[in-house]
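Please keep the sequence and the model in view while reading.

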Amino acid sequence: MQATIILGAGKERSPMNHHPWIFASAVVGYEGKITSGSTVTVKSDSGRFIGRAAYSPMSQIRARIWSWDESEPIDHAFFKRKIAIALAHRKKWVVQTSAIRLIFGEADGLPGLIVDQYNQTLVCQFLSAGVEFWKEAIVQILEDQSACHCIYERSDAAVREREGLSLASGVLKGELSDTELTVQENQIQYLIDPTKGHKTGFYIDQRDNRLEVAKLSSGLRVLNMFCYTGGFSLAALQGGAREVISVDSSGDALAIASRQLTLNHIDPSKAKWVDEDAFDLLKKYREGGEQFDMIILDPPKFAPSAQHLLRAKKAYKEINRSAMQMLRPNGLLLTFSCSGAMDLELFDQTVFLAAQEAATHQKDPKLGFRVLKRLTSGLDHPKLSSFPEGNYLKGLMLERI
Ligand code: SAH
């Protein structure tokens, strides 16, 4: 008999609307033997079937729903089906790249599972007790369905600890040919270290926005803040930027960034790499009267959870205001937040407040901005309409008028 968890009165509303997370505070009863990651039946207080879920005893997200269909068992065949669907969709949607997100957790019906493909290597993150429980089966299915030479694990993200899981990384199948892979995206070659790079090695989610930058940067002086390994910098240079200044506080990331210039036959004199704190540098540049035609702000997650929002909002506002003050008329600002805890409305509000403050600080009644475009992650990062938390990457393209 499958174990059951019972929700408090009214707590079935959110999961019935296909939000896949059951919070600990919503659970009032447990029946049967429940172990970490095993499948439980979720019932309402009146005994109604809500779904089948993976149980996470340590996490505030106590269970994640696999299926809302009472006739669907959670077994090897379930994962085979889900993975096949995810892979087929990527094949249909995503072209022009050898760096693709094959599986994006909740959006692919597999909460906690991330699988990225770099050429013939898969890099996986098992970030919930449920996918950890099914790891062996998942790896086997990925090997069968993807025809990749190597499956590498990067389950070294801090969220694993909240699930009571230890950090893990290393080869799961095959052999990693090199710790530095060269991938191609829209005619640009990028260097990726799947063993030590951020996330699984690269910010695949910014692909469409890199293309946007490439299209718009001809002849421009560009500032790329929080550049990491220079994804946007390379795009701007390839798009014909006159000069690109890229800033990050990680010397290791900058070293990789600069090596990609030769790989892409880009004149190194157009690129300047600055190893400095972004907040200090923005202040210094602004006070020094620097001006740019395009500024990209893609900072780290300032709000890892809701309790950090207030401080995060201040930080987002500060960098946006500084950037806005350095834009030439008709200059473009591409600004992002990857904090899942910050929703679209708060992001807009923060950026628009920064615009107001920029005008006040500059004492320039003409200084204004207009939104040209909303920016988000690509088609390989779909977003469930029932799960706003999955829409973590928010961005705006603004023009100074
Ligand atoms: N824009 C990048 C991803 C940015 S990730 C891309 O498209 O690939 C965030 C980056 O911010 C990391 O590389 C990190 O080293 C850097 N960072 C974090 N805090 C910083 C700070 N205070 N000053 C400068 N860089 C910082």
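In this predicted model, helix H9 (residues 278–287) packs with helix H10 (residues 309–325) at an angle of about 30 degrees, and their axes are 9 Å apart. Angles under 35 degrees count as roughly parallel, and H9 and H10 are therefore roughly parallel to each other. Their crossing is left-handed. On the H9 side, the residues that meet H10 are Phe279, Leu282 and Arg286; their counterparts in H10 are Ala315, Glu318, Ile319, Arg321, Ser322 and Gln325. Sorted by class, this contact comprises four nonpolar, two polar and three charged residues.

Attention now turns to a strand residue. Arg154 belongs to strand S10, which spans residues 150–155. Its relative accessibility is 5%, and Arg154 therefore counts as buried, the limit for that class being under 20%. The side chain of Arg154 reaches the backbone oxygen of Pro194 at 2.7 Å. Leaving aside residues up to four places away in sequence, Arg154 touches Pro194 together with Asp193, Thr195, Lys196, Gly197, Lys199 and Thr200, and also Val123, Cys124, Gln125, Ala168 and Ser169.

His381 is found between strand S19 (369–375) and strand S20 (394–400). With a relative accessible area of 1%, His381 is buried. Residues up to four places away in sequence again being excluded, His381 touches Arg101, Phe104, Ile204, Asp205 and Tyr392. Between His381 and Val28 there are 34 Å in space, C-alpha to C-alpha, and the two are 353 residues apart in sequence.

Terms used: Residues numbered from 1 in each chain as written. Predicted model: local features only at pLDDT ≥ 70, side-chain atom pairs only at ≥ 80, totals over all residues. Heavy atoms only, no water. Helix = DSSP H or I, 4+ residues; strand = E, 2+ residues; numbered from the N terminus. Buried < 20%, exposed > 50% of the residue type's maximum accessible area, 1.4 Å probe, protein only. Polar contact = N/O pair within 3.5 Å; in protein donor to acceptor, adjacent residues only side chain to side chain. Contact = heavy atoms within 4.5 Å. Axes fitted to C-alpha atoms, helices over the stretch in contact; angles between N-to-C directions. Parallel < 35°, antiparallel > 145°, perpendicular 65-115°, else oblique. Left-handed = near helix turned anticlockwise from the far one by under 90°. Nonpolar A, V, L, I, M, F, W, Y, C, P; charged D, E, K, R; others polar.
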